[in-house]
Amino acid sequence: EPPGDEVLTALADAIDQAHDELSRVIGDAPDFAGMGTTVTALSWEGDRVALAHVGDSRAYLLRGNLAVRLTTDHAIHHNLTRCLGAGIDRWEPDVERHETQAGDAVMLCSDGLHGNRGQYGCVDDGMIGQLWLAADGDMERFARSAYDCAMNEGGDDNCSVVVALAR
């Protein structure tokens, strides 16, 4: 492996293990047949962030008033094309690294934030950037504002927001 790829490999291996365990649980419980989940995981490497991703949860780089999506949704019209569990074969997660700067943050969120009003975009990328700017680096305030915005826009799915500040 090239130098530094062990972090990406560790993230991918952890997702594989989670998939195997979910598949075992689903296989043992007929009521869970067809259930699955998504995952977006990160690990800091100094001024870089390593990401591994399967599904339609997302990662964003927050810089200034911009929210740059770092992940690609694995879904078509709200139907997952890749996920963990669900009695399907294992999917290779997308793995990648991104450079960060002082003052940047990375947000991980479920689709309850960015979609689910009949179409994706409950809280769009531009609004996420505006909320980050308004929060002035206060991660808790930003996460609460993003959550509240999704709920006010009619979000009816679970909504999770996690924010980590770059150093």
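**Core, cysteines and pocket in a predicted model**

Me: Which residues does methionine 107 touch, leaving out those up to four places away in sequence?
Reply: The model is predicted. Contacts up to four places away in sequence are not counted. Methionine 107 then touches Arg58, Ala59, Tyr60, Leu62, Leu113, Ile128, Phe142, Val161, Val162 and Val163.

Me: Which element gives the most residues to the largest nonpolar core?
Reply: This core has 20 residues, and Met107, Leu62 and Phe142 are among those with the most contacts inside it. The elements giving two or more residues are β4 (58–63), β10 (105–109), α3 (125–135), α4 (139–152) and β11 (161–165). With five residues, the top contributor is α4.

Me: Why does cysteine 109 count as buried?
Reply: Buried means under 20% relative accessible area. Cysteine 109 counts as buried because its relative accessible area is 4%.

Me: How far from cysteine 109 is the nearest cysteine sulfur?
Reply: The whole structure has zero disulfides. A disulfide needs two cysteine sulfur atoms within 2.5 Å. Cysteine 109 is in none, and the nearest cysteine sulfur belongs to cysteine 159, at 7.5 Å.

Me: How many charged residues line the largest pocket?
Reply: The pocket has a volume of about 220 Å³. Twelve residues line it, with Thr38, Asp56, Leu80, Asp111 and Asp157 nearest its centre. By class, two are nonpolar and seven polar, and the charged number three.

Technical notes:
Residues are numbered from 1 along each chain as its sequence is written. This is a predicted model: local features need pLDDT of at least 70, side-chain atom pairs count only at pLDDT 80 or more; totals for chains, interfaces and linings use all residues. Side-chain values use heavy atoms; hydrogens and water are left out. A nonpolar core is a set of buried Ala, Val, Leu, Ile, Met, Phe, Trp, Tyr and Cys residues joined through side-chain atoms within 4.5 Å. Buried means under 20% relative accessible area, exposed over 50%, partly exposed in between (1.4 Å probe, protein chains only). Helices (H or I, at least four residues) and strands (E, at least two) are DSSP runs, numbered from the N terminus. Contact means heavy atoms within 4.5 Å. On a 1 Å grid over the protein atoms alone, a cavity is a set of points where a 1.4 Å probe fits but cannot get out, and a pocket is an open set with protein on both sides within 12 Å along at least five of seven lines; lining residues have an atom within 4 Å of a point. Grid points are joined across faces, edges and corners, and a volume is the space filled by probe spheres set on the points. Ala, Val, Leu, Ile, Met, Phe, Trp, Tyr, Cys and Pro count as nonpolar, Asp, Glu, Lys and Arg as charged, and the others, Gly among them, as polar.
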